[in-house]
Amino acid sequence: MIQTLEEFDAYVAAEKKIEPKDWMPDGYRKTLIRQISQHAHSEVVGMLPEGNWITRAPSLQRKAILLAKVQDEAGHGLYLYSAAETLGVERSDLVDDLLSGKAKYSSIFNYPVLTWADIGAIGWLVDGAAILNQVPLCRCSYGPYSRSMIRVCKEESFHQRQGYSIMVELMKGNEAQREMAQDALNRWWWPSLMMFGPSDKDSEHSSQNMKWKIKRFTNDELRQRMVDMTVPQAECIGLKMPDNELKWNDETGHHDFGEIDWDEFYNVLAGNGPCNKERLAVRNKAHNDGAWVREGAVAYAEKKKRKRLKA
């Protein structure tokens, strides 16, 4: 039974899972609440830009695939809110923090989705980055979080493949379709690299999170994997990466790439992105419009409870 920080550190170092009833340092609990809730918020807000394209998908098959993807993301949010609740927080409080703008979510969802090619780029790049971030979380030291990520990662893999397949089909099309695909890559590439967070030298949480085995790789290590994974995929279908400094480095065995616009990263993170206000406004409207469903569910549960007590 864990009772001290030293015992906790040794337990985690031995690759054992921390469960909700185990003793844990306050910092560990707070870090997990912050990370898991932000992850949940990102899944929920991430439904919004793609949901707008369900009725505009170019075929019945694409419509059904995108609908399934958005439904998956709703499920991911549900798993993650449930995981956060095991740490002693109320889901309603987490949702209130999101709606008020107090809580953060992935800044990638504060960019506009202008064309059908953007849906392909989001699946290919954004979900590709998510997979790189989330697969190591299957080995996270906190049991409920690590177990929830197993199914999430399987479904994210499907999301990434459907996005890339859209880009493949567009690159097989006419000149206008190929230009649309290239434009989407140009606009989503750098924000996708920003998804891994600040550079290691500016990341205040990475060191401790790796010690606690919440994270397994640094932000820059995952960002490098993203570049190395994506470049050959783009070249395979004839897309040009929007980075004039990109080149293969024989000495390191990795691609060298240009500098991220960190001013843009922090500006969007601060709530000043192209769609920050729009995303929160739409989410608040959906929450308010759905109040009757929540109220009805509570009333039905109370009615069943009264019947059980009378029986």
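Predicted model: local features only at pLDDT ≥ 70, side-chain atom pairs only at ≥ 80, totals over all residues.
**Helix packing and aromatic contacts**

Let me begin with helix α4 (residues 91-100) and helix α11 (residues 276-289), whose axes come within 9 Å and cross at roughly 135°. Axes here are lines fitted to C-alpha atoms, for helices over the stretch in contact, with angles from 0 to 180 degrees between N-to-C directions, and helices are DSSP runs of H or I, at least four residues, numbered from the N terminus. The two are therefore oblique to each other, given that angles under 35 degrees count as roughly parallel, over 145 as roughly antiparallel, 65 to 115 as roughly perpendicular and the rest as oblique. The contact, meaning heavy atoms within 4.5 Å, is made by V95, L98 and L99 of α4 with L280, R283, N284 and H287 of α11.

Residues are numbered from 1 along each chain as its sequence is written, and side-chain values use heavy atoms, with hydrogens and water left out.

Turning to the aromatic residues, F8 and Y28 form an edge-to-face pair, at 4.9 Å centre to centre and 70° between the planes; rings of Phe, Tyr and Trp (its six-membered ring) pair if their centres lie within 6.5 Å, with planes under 30 degrees apart counting as stacked, over 60 as edge-to-face and the rest as tilted. Because F8 lies in helix α1 and Y28 in helix α2, the pair ties together parts that are 20 residues apart in sequence. Finally, F8, W23, Y28 and W212 form one aromatic cluster.
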